[in-house]
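This report describes the architecture of a two-chain model, from its overall composition to selected residues. The sequence and structure are shown first.

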Amino acid sequence: MVEFGLWDVLRNLLLAARWTLVLSLIALIGGALFGFVLLVLRLLGKKYINTIIAVYVEIFQGTPLLLQLFLVYFGLALLGMETSVWWSASAALVLYTGAYLTEIWSGCVRSVPTGQWDAAQSLGLTFAQQLKWIIFPQVYRLSVAPTVGFLVQVIKGTALTSVIGFVELTKAGSMISNVTFKPFLVFSCVALLYFVICFPLSWYSRRLESGFGGA
Amino acid sequence: MNVQLDFLTVLEQWPLLITGVSWTLGLTAVSSFFGVLSGLGLAWVQTQDWPIPRGIIKVYVELIRNTPFIVQLFFIFFGLPQLGVHLSAEASSVLAMIINLSAYSTEIVRAGIDSTPAGQVQAAESLGLKPVQIFTHVILPPALFRVWPALVAQIIIVMLGSAVCGQISTEELSYSANLIQSRNFRAFESFIIAAAIYLFLSILIRALLNRLGKNLIFKGLAQNG
């Protein structure tokens, strides 16, 4: 029988942590793009579009991420698409991240003084120019801290993909603890690795919030 | 492509859904009560001049806030028995939820306390109030009033997070949904219905707690402010 020492546990967990990071990155990039499109659609000010987006946000903020994962996983199968955990996990996390980011960024847009919009308009800038040159640079500075803070939530959210069988850090932890019968050690290591990933981001987000580089 | 949805076969299993909802609400109620209470206590310690307990609380808050709830739950349910602490699935779920919410509410309440003007504390001191009286009568009520919406939001996050407890066989709502789909193979419909119930619960709880905060707990404050 092969002995599974602390180093073996850590090494395997570190290897699995890659997929946590990759999945988080997919969720962040996809969610940011999607959230950005939704933000621009919201700013266009069509009432029914705003209602649809508000309902979408409410649904994704008001239901458990776990069920969103299940729904995408089984929903894709229902639509006759081949379900892979990669696709399901990525799609669900992108939808989830998009819903939160569009809400966070909308808040940032609202905190830009209306005088800025008026001034931009009075200069004869088109809507796209107003956004590009006047509004978004200010929104960008305001939004970095909450976005980084939310990224921590996304990384922790990827842990739930273990339930649909995506082998990331948590799933690897479960598997290793089943093999080694050392759940205490293994889950301590898993928690520690999440902490090592998330804490610097939390710290950075708080530092930004407390005034460094704030608008 | 022909997709046929059959929600009725899921709704026929309504007793299971009721059990699930009761467990979800029960877990949420118990953990909210103790989680917020312990958050208040820990936030109070944070205002004191005790470096060691403050340091420990800080580490606890950061550890919880920077690790996923599912890992905390697995740690308690699978990890602790190795140390001789055996907890049932339900006890593990409640404990994990309390520990989780307590960390977040410590941080939320502390933020509220930090924003209390120093002049109010000095005024209370000059009136001869004891430190504990100052905390419970002068600092805490307006602090809680300010952060109440954040606390409510956190309670809802914990309720949604409790869906994970089904993974260790606590019979909450997502567990019921899972059980139903294993009986009738209507996975998508089961989870749609469970998700709809969660959505309804989170809207309901948010409305209820916000109302409760405005009308009961902070009645005087809401009128003044």
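## Conventions and contacts

Two residues are taken to be in contact if their C-beta atoms, placed from the backbone, lie within 7 Å. On this criterion, residues 24 or more positions apart account for 77% of the contacts in chain B with a separation of 6 or more. In chain A, among contacts between residues at least 6 apart in sequence, 76% join residues at least 24 apart.

The model is predicted: local features need pLDDT of at least 70 and side-chain atom pairs count only at pLDDT 80 or more, while totals for chains, interfaces and linings use all residues. Residues are numbered from 1 along each chain as its sequence is written, and chains are lettered from A and ligands numbered from 1 in the order in which they are written.

## Composition of the chains

Helices (H or I, at least four residues) and strands (E, at least two) are DSSP runs, numbered from the N terminus. Chain A has eight helices and zero strands, and chain B has 10 helices and zero strands. Along its principal axes, the C-alpha trace of chain A spans about 75 × 45 × 25 Å; for chain B the spans are about 75 × 45 × 30 Å.

A residue is buried if 20 or more other C-beta atoms lie within 10 Å of its own, exposed if 12 or fewer, and partly exposed in between, with C-beta atoms placed from the backbone. Of the 215 residues of chain A, 37% are buried. In chain B, buried residues make up 42% of the 225 residues.

## Interface between chains A and B

The interface brings 32 residues of chain A into contact with 31 residues of chain B. On the side of chain A that touches chain B, at least two residues each are supplied by helices H2 (47–62), H3 (65–78), H6 (127–158), H7 (169–180) and H8 (183–209) of chain A. H8(A) gives the largest share, 11 residues.

For residue classes, Ala, Val, Leu, Ile, Met, Phe, Trp, Tyr, Cys and Pro count as nonpolar, Asp, Glu, Lys and Arg as charged, and the others, Gly among them, as polar. The side of chain A that touches chain B accordingly has 22 nonpolar, nine polar and one charged residues.

## Helix H7 of chain B

Helix H7 (residues 131–161) of chain B spans only 37 Å between its end C-alpha atoms, whereas a straight helix of 31 residues would span 45 Å at 1.5 Å a residue. The expected span is 1.5 Å times one less than the number of residues. H7(B) bends by about 55° at Val147(B), and a proline, Pro149(B), follows within four residues. The bend at a residue is the angle between axes fitted to the seven residues ending there and the seven starting there.

The axes of helix H2 (residues 14–47) of chain B and H7(B) come within 11 Å and cross at roughly 145°. Such axes are lines fitted to C-alpha atoms, for helices over the stretch in contact, and angles run from 0 to 180 degrees between N-to-C directions. Residues of H2(B) in this contact include Thr24(B), Ser31(B) and Trp44(B), and those of H7(B) include Phe135(B), Leu151(B) and Met159(B). The contact residues divide into seven nonpolar, four polar and no charged.

## The enclosed helix H4 of chain B

Helix H4 (residues 69–79) of chain B is largely enclosed by the rest of the structure, because 10 of its 11 residues are buried. Among them are Phe69(B), Gln72(B), Phe75(B) and Gly79(B). The buried residues of H4(B) pack against H7 and H8 of chain A, and also against helix H3 (51–65), helix H5 (89–114) and H7 of chain B.

## Selected residues

Thr102(A) lies in helix H4 (residues 85–110) of chain A. Thr102(A) counts as buried because it has 26 C-beta neighbours inside 10 Å. Not counting residues up to four places away in sequence, Thr102(A) touches Gly35(A), Leu38(A), Leu39(A), Ile53(A) and Val57(A). The C-alpha atoms of Thr102(A) and Arg42(A), 60 residues apart along the chain, are separated by 9.0 Å.

Two phenylalanines have positive phi values. Phe181(A), in the loop between H7 and H8 of chain A, has phi near 55° and is exposed, with 10 other C-beta atoms within 10 Å. Phe185(B), in the loop between helix H8 (173–184) and helix H9 (187–217) of chain B, has a phi of about 60° and is exposed, with 12 other C-beta atoms within 10 Å.
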